[in-house]
Amino acid sequence: MSTILIREGFVLTMNDERELLEPGYVLVEGDRIAEVGSWPPVEGEERLLARADRIVEARGMAVIPGLINSHTHLFQTFLRGVSDEYRLFDWLRQVIWPGSLAMEEEDFYLAAMIGCVENLKSGATTVMDHHYIHTFEGNTDGVLRAMRESGIRGYLARGGVDLSYEERLREDEETIFRRTDEALDRWDGEAGGRLRIALGPLNLYGCSREFLERAARFSRERGLIAHIHVAETSGQIENTLERFGLRNLELVEAVGLLGPSTQVVHGIWLSDRELELIRDAGASVIHCPVSNMYLASGVARVPEMLESGINVALGTDGPGSNNCQDNLEVLKFAACLHKLDRMDSTLLPPMQVLELGTRGGAKALGRDGDLGQLAPGMKADIAVVDLQKAHIAPLHRVSSALVYNANGNDVHTVLVDGQIVVNGGACTLVDEAEIIRRAQSRVDRLRSRLAAAYPAYAQRS
């Protein structure tokens, strides 16, 4: 069990008092935080220096809980930037569906590995991957292998649809639940508990009511998070009203899928009554501001959600509609989007935005007892961000610098479970150059196969 001392940084604890230690230290023993305090400690430095196997010098850097990326689709790193000018359903038909169907088994591992690396290097220690492409039996294993090898804390929501708009992505109920059980048996709790499986019915317009009801029973019986796209566009509301006479969230509640372990992804087009249902159920909303802007899907009612007591977490969404996985960038977009939408510059101050990216994500996972803050006994998932950059310094407020100035390139050191997985801005467990080389070769092949049928894949400028 190694001991790591992170010293002399701006330690933004995100504890109940939102305490900033300036400067401060964090002492890590094994996979847990042992101590957090001001630097130098009252009893002197010698005790801590004698205990430390390794020292991270964090002078001029922010030390924060690892950010939690609460929604993405890692396979889409292979599809980012194919085209940026489509509406949601055209984007699906012309970019995402053909691209994902052309991907081969090895591609899912490489795409996920790049996504894990990018998440880690932008300060995210935990990622929730909504994985719904099952064209090869090994796709899911490839994503989970990438999570294990990169060192990230990974949740995989095993997605599926039984009425898919793209029939080649459709699966029957038996296959979906059998393979989810197989993933649970093989992967849940692996890598010292870093890897977890969730249930991810993809959306409401691609699923039958019977499937959703079974998904509700399945998730309850196995104690799983239920992670599902809800009310992303106004057209999705029309779909469930026509089919069931219910709005999106009303359907989620009617089939028994709404509860404390439910993660409502996007939740843009929700009524007052639907917000009440979410609040009363203790469910969480996963807000993906960059994706919602990119696809012009709409603006989620995040200020109202927060005012009513709904837990909100942040996600990048997939690289196909972002197009990156920069979790620090998401903080700024979240703040600016709602200020503009409500024409109120007082909304979402920096500390509140940081709460969404840390404690909000931890609560959505049911992990607010050991993730999302820097305190003794918490998991040692930590990001150290260099603030001594020309686009950040000089400093007035650390929280403001993190939300409005910093980006993923400023992340210096990242720990997950007490292991240093990013050091000096580079991943320690992954040969990034080799992974990128292999991925580009595979993407070039994918483009050549699709260019004749799909104009987006032929375009280079």
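Residues are numbered from 1 along each chain as its sequence is written. Because the model is predicted, local features need pLDDT of at least 70 and side-chain atom pairs count only at pLDDT 80 or more, while totals for chains, interfaces and linings use all residues; side-chain values use heavy atoms, with hydrogens and water left out.

**Exercise 1.** Describe the largest pocket by its volume and its lining.

Solution. On a 1 Å grid over the protein atoms alone, a pocket is an open set of points where a 1.4 Å probe fits, with protein on both sides within 12 Å along at least five of seven lines, and lining residues have an atom within 4 Å of a point. The largest pocket holds about 400 Å³ of space, a volume being the space filled by probe spheres set on the points. Its lining has 19 residues, and Arg80, Ile114, Val117, Glu118 and Ile436 are the closest to the centre. Two or more residues come from each of α3 (105-121) and α16 (432-450), with α16 giving the most, six.

**Exercise 2.** Describe the second largest pocket, and state which element gives the largest share of its lining.

Solution. About 240 Å³ of space lies in the second largest pocket, which is lined by 13 residues, with Asn311, Glu355, Arg359, Gly360 and Lys363 nearest its centre. The elements that give two or more residues here are β13 (311-314) and α14 (350-364), and the largest share, six residues, comes from α14.

Definitions and conventions: Helices (H or I, at least four residues) and strands (E, at least two) are DSSP runs, numbered from the N terminus.
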